[in-house]
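Here is a short briefing on one structure. Look at the model first, then read the points below.

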Amino acid sequence: MKIWLDGGLQDIESARVSVFDHGLTVGDGIFETVKAVDGRPFALTRHLDRLTRSARGLGLPDPDLDEVRRACAAVLEANPMPFGRLRITYTGGHGPLGSDRGDQGPTLVVALGETARRPDSTAVITVPWTRNERSALAGLKTTSYAENVVALARAHAHGASEALFGNTVGRLCEGTGSNVFVVLDGEIHTPPLASGCLAGITRALAVEWTGARETDLPLDVLERADEIFLTSTLRDIQAVHRVDDRELPGVPGPVTAKAMRVFEERSGDDLDP
Ligand code: PLP
C-alpha cells in the first residue's frame, strides 16, 4: 500500500510523521473522505472546496490543491481497487508540545482504504450529547472526532450504525459521519447548516437533486417522521429502519426509494458533479 506524504508516494510501512505532529497531539487538523469507484474519485472538486474552507476556519494555510489532486491521482493509481475511500488529512504539522503551532508548516497525507458498500437501510440511535452550533469548529471537517468516536461506539453497542445529535437548542443536527433527512407529508426536510451540521457533499447533492428543503426541526421529529434517511460519502442515501426503539416499517419508503434512485442515476453520470 502506497500513501502520499512529504510530496511523494511512500510505502505505508515506512512512512512516518512526527510524534509531535499537531494532528496527533491536539487534533489540529482537517480531513476529507472521498469515495473512489474503479479508481475515479467522486465529487473531488466539492471535497477540495470544503478542505480549503475547513483550513481557513482553523487558520491553517490554504492547502495546495494541485498537490492534493496529484496526490489523489497517484495514490489511486498505485493502489487499484473497485471501491475505496480516499482519506486526505492536512494538519498543523510538527510543533512544540502545547497548542501553539510550530513553523514547519502543515502535514499532508493522502491514503486509500478498501471499503464495503453500505446496506440499503440501517438502524440509528439518538445520543444525549449535543453539537454546539456556536462552536469555533461548527461546520468544519476537523480531525477532532473523539466525540463522534464515543457516540458511534454507543450506536454499535445498540446494534445501530449511526448516532444522531441534536444541537444546544434541541434541534435536530446530524450524525457522527452523516447528515439526516426526514419525510413529513411527502416532503423531504433536512436541518439547515445553522443547526451546526457539516455541509455534507452528499447532503448538498441530495438537496439539489430531490428538492429537499432545509428546515429547522425539533429533535423529536424523529418520533413522527414518515421516513428517515441518512446521507454521506460512503452511505450515499441510506434509509433508516429503526431509530432508538421506534421501528419504521416498509423501508425504504416511497419518497426515500425515489431519492435513492435519483441519486444513483445522477451520480453515476458524472463522478465529479
Ligand atoms: N457530518 C459529519 C460530522 C461527517 O463527518 C460527514 C462525513 O464524514 C457528514 C456529515 C457527511 O458528509 P459527506 O456527505 O460530505 O460525506
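The side chains of Asp28 and Arg101 meet in a salt bridge, 2.6 Å from N to O. A salt bridge is a side-chain nitrogen of Lys or Arg within 4 Å of a carboxyl oxygen of Asp or Glu. This is a predicted model: local features need pLDDT of at least 70, side-chain atom pairs count only at pLDDT 80 or more, and totals for chains, interfaces and linings use all residues. Residues are numbered from 1 along each chain as its sequence is written, and side-chain values use heavy atoms, without hydrogens and water.

**Asp28 and Arg101**
- Asp28 lies in the loop between helix H1 (22-25) and strand S3 (29-37), and Arg101 in the loop between strand S5 (83-91) and strand S6 (107-114), so the pair ties together parts 73 residues apart in sequence.
- Helices (H or I, at least four residues) and strands (E, at least two) are DSSP runs, numbered from the N terminus.
- Asp28 has 10% relative accessibility and counts as buried.
- Arg101, at 34%, counts as partly exposed.
- Buried means under 20% relative accessible area, exposed over 50%, and partly exposed in between (1.4 Å probe, protein chains only).

**Other salt bridges**
- The structure holds 13 salt bridges.
- Asp62 forms one with Arg56, with the closest N and O atoms 2.6 Å apart.
- Arg56 is exposed at 57% relative accessibility, while Asp62 is partly exposed at 39%.
- Arg224 and Asp220 also pair, at 3.8 Å from N to O.
- Arg224 is partly exposed at 47% relative accessibility.
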